[in-house]
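Trainee: Please take me through one part of this model in close detail. I would like the pocket, and then the charged pairs.

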Amino acid sequence: MHVRKAVSSDAGELSALLNEIIRAGGTTALETPLSAAEFADWFIDGEFSLVCHVAEHGQSLMGFQSLSLYGDPPKGVADIATFARLNPKTAGVGSALFPATRAAAKELEFINATIRADNVSGLGYYAKMGFETYDRLLQVPLQDGTPVDRIKKRFRLDARHHATPDA
């Protein structure tokens, strides 16, 4: 699997990938499909997008991971979003993407992930990547009114946290 920065011409394939996940339901807080132009604005080159990486296998994009500043997060914090193709499902997409995203986030203190509490695979993925739970948003309604908690996890990037004491 090859990881690279997303470019505008990826927006059509990536919006189709994301829209399939949205239609399947149950894992993303996004509930309305995005056009290719909306996708590019949200994830690749819009005002709030910091970086977006894609995982390629052969001629197909298997998934993407983005960092953004939607919703005016605190200074030094960006939000992460990770999506992998449902068909064909390919293991290791998120694990392949995260090192590139982490490297691009070197100026940040934290990466924030907000995951639906019913998204078991998403919660497991972020825990595996080293994200720690720090908050829970209770009963956030979906478009149909169904309340679903959101789990907030963060990954600490600052060097002080990763430094080891001298022996």
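Predicted model: local features only at pLDDT ≥ 70, side-chain atom pairs only at ≥ 80, totals over all residues.

Mentor: Seen by element, two or more lining residues come from each of α1 (11-24), α2 (36-44), β3 (60-68), β4 (77-84), α3 (93-104), β5 (110-116) and α4 (120-128). Strand β4 gives the most, with 6 residues. By type, the lining splits into 19 nonpolar, 15 polar and 6 charged residues.

Now the charged pairs. Side chains of opposite charge can pair when their charged atoms come close. The structure holds 5 salt bridges.

One of them joins Glu13 and Arg85, at 3.1 Å from N to O. Glu13 sits in helix α1 and Arg85 in the loop between β4 and α3, so this pair ties together parts 72 residues apart in sequence. Glu13 is partly exposed, at 32% relative accessibility. Arg85 counts as buried, because its value of 14% is under the 20% cut-off.

A further bridge links Arg116 and Asp118, at 2.8 Å from N to O. Arg116 is buried, with a relative accessible area of 7%. Asp118 is partly exposed at 39%. Elsewhere, salt bridges with shared partners join Arg4, Asp10 and Glu56 into one network. Within it, the side chains of Asp10 and Arg4 meet at 2.8 Å, N to O. Asp10 is buried at 7% relative accessibility, whereas Arg4 is partly exposed at 22%.

Technical notes:
Residues numbered from 1 in each chain as written. Heavy atoms only, no water. Helix = DSSP H or I, 4+ residues; strand = E, 2+ residues; numbered from the N terminus. Nonpolar A, V, L, I, M, F, W, Y, C, P; charged D, E, K, R; others polar. Salt bridge = Lys/Arg side-chain N within 4 Å of Asp/Glu carboxyl O. Buried < 20%, exposed > 50% of the residue type's maximum accessible area, 1.4 Å probe, protein only.
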